[in-house]
Amino acid sequence: MSTCDQSQHGNHPHQHGDQCGHTAIRHEDHVDYLHDGHLHHPHGDHVDEHVIEESETNPNTCTPAHECSGHDADHVHGPGCGHEAVPHGDHVDYLVDGHLHHPHGDHCDNHGPITLA
């Protein structure tokens, strides 16, 4: 993937890097940073907006039998829930114990692993 194939995040003065305070994740052959529900990739003089693609590794499938010890069964994902939002395909998932959770009805779907950098 050419990093500039996706949209750019305009007017972004924050410098992402090893000590910036944002969660760094491995995305394809580079590192991106989770920042306020966005997946940022510093690139030259700008920041690209990335999305975790739907794939065999990170599918967009319903997994009602998924059990996770990352939160209580009655936990509700959303702004301020304590889990970082991650753009995945055409929706938003939440990073929980190294994998993507997608709220779906009365359960969370497992949308695959995420590797921290």
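## Histidine 99 and its partners

The side chains of histidine 99 and histidine 66 are joined by a polar contact of 3.2 Å. This comes from a predicted model. A second polar contact, of 2.9 Å, links the side chain of histidine 99 to the side chain of histidine 101. Histidine 99 belongs to strand S8, which covers residues 99–104.

Is histidine 99 buried or exposed? Its relative accessibility is 12%, so histidine 99 counts as buried, the limit for that class being under 20%. With neighbours within four places in sequence left aside, histidine 99 is in contact with His66, Cys68, Tyr94, Asn110, Gly112, Pro113 and Ile114.

## The chain as a whole

The chain has zero helices and nine strands. Read from the N terminus, its elements run β-β-β-β-β-β-β-β-β. The chain has 117 residues, of which 40% count as buried. Its accessible surface comes to about 6700 Å², and 47% of that belongs to carbon and sulfur atoms.

Contacts in the chain can also be sorted by separation in sequence. Taking those between residues at least 6 apart, 52% join residues at least 24 apart.

## The nonpolar core

Which residues make up the largest nonpolar core? The eight residues are Ile25, Leu34, Leu39, Ile52, Val86, Leu95, Leu100 and Ile114. Isoleucine 52, one of these core residues, touches Ile25, His27, Leu39, Asn58, Val86, Pro87, His88, Gly89, Leu100 and Ile114, when residues up to four places away in sequence are not counted.

Isoleucine 114 is also listed in this core. Its place is in the segment after strand S9, which spans 107–113. Isoleucine 114 has a relative accessible area of 9% and is therefore buried. Apart from neighbours within four places in sequence, isoleucine 114 is in contact with Ile25, Ile52, Asn58, Leu95, Gly98, His99 and Leu100.

## A buried aspartate

Aspartate 93 is found in strand S7, residues 91–96. Aspartate 93 is buried but has no salt bridge. Where is the nearest side chain of opposite charge? That side chain belongs to arginine 26, and it is 19 Å away.

Aspartate 93 does have a polar partner: its side chain makes a polar contact of 2.7 Å with the side chain of histidine 88. Leaving out residues up to four places away in sequence, aspartate 93 touches Glu84, Ala85, Val86, His88, Leu100, His101, His102 and His111. One of these residues, histidine 101, is also a polar contact partner of histidine 99.

## The loop between S5 and S6

Strand S5 covers 46–50 and strand S6 covers 84–88, and aspartate 74 is found in the loop between them. Aspartate 74 counts as exposed because its relative accessible area is 65%. The C-alpha atoms of aspartate 74 and aspartate 106 are separated by 8.8 Å, while the two residues are 32 apart along the chain.

Threonine 63 also has its place in the loop between S5 and S6. At 23% relative accessibility, threonine 63 counts as partly exposed. Which residues is threonine 63 in contact with, leaving aside its neighbours within four places in sequence? They are His107, Cys108, Asp109 and Asn110. For asparagine 110, the backbone nitrogen lies 2.7 Å from a polar atom of the threonine 63 side chain. Histidine 111 is 48 residues from threonine 63 along the chain, and their C-alpha atoms are separated by 8.4 Å.

## Two residues with positive phi

Glutamate 28 is not a glycine, and its phi is positive, near 55 degrees. Glutamate 28 lies in the loop between strand S2 (24–27) and strand S3 (30–35). With a relative accessible area of 47%, glutamate 28 is partly exposed.

Aspartate 36 also has a positive phi, about 50 degrees, although it is not a glycine. Aspartate 36 is in the loop between S3 and strand S4, the latter spanning 38–43. The relative accessible area of aspartate 36 is 70%, so aspartate 36 is exposed.

Terms used: Residues numbered from 1 in each chain as written. Predicted model: local features only at pLDDT ≥ 70, side-chain atom pairs only at ≥ 80, totals over all residues. Heavy atoms only, no water. Helix = DSSP H or I, 4+ residues; strand = E, 2+ residues; numbered from the N terminus. Buried < 20%, exposed > 50% of the residue type's maximum accessible area, 1.4 Å probe, protein only. Contact = heavy atoms within 4.5 Å. Lys, Arg positive; Asp, Glu negative; His and termini not counted. Salt bridge = Lys/Arg side-chain N within 4 Å of Asp/Glu carboxyl O. Polar contact = N/O pair within 3.5 Å; in protein donor to acceptor, adjacent residues only side chain to side chain. Areas by Shrake-Rupley, 256 points an atom, 1.4 Å probe, with all protein chains shown as cover. Core = buried A, V, L, I, M, F, W, Y, C linked by side-chain atoms within 4.5 Å.
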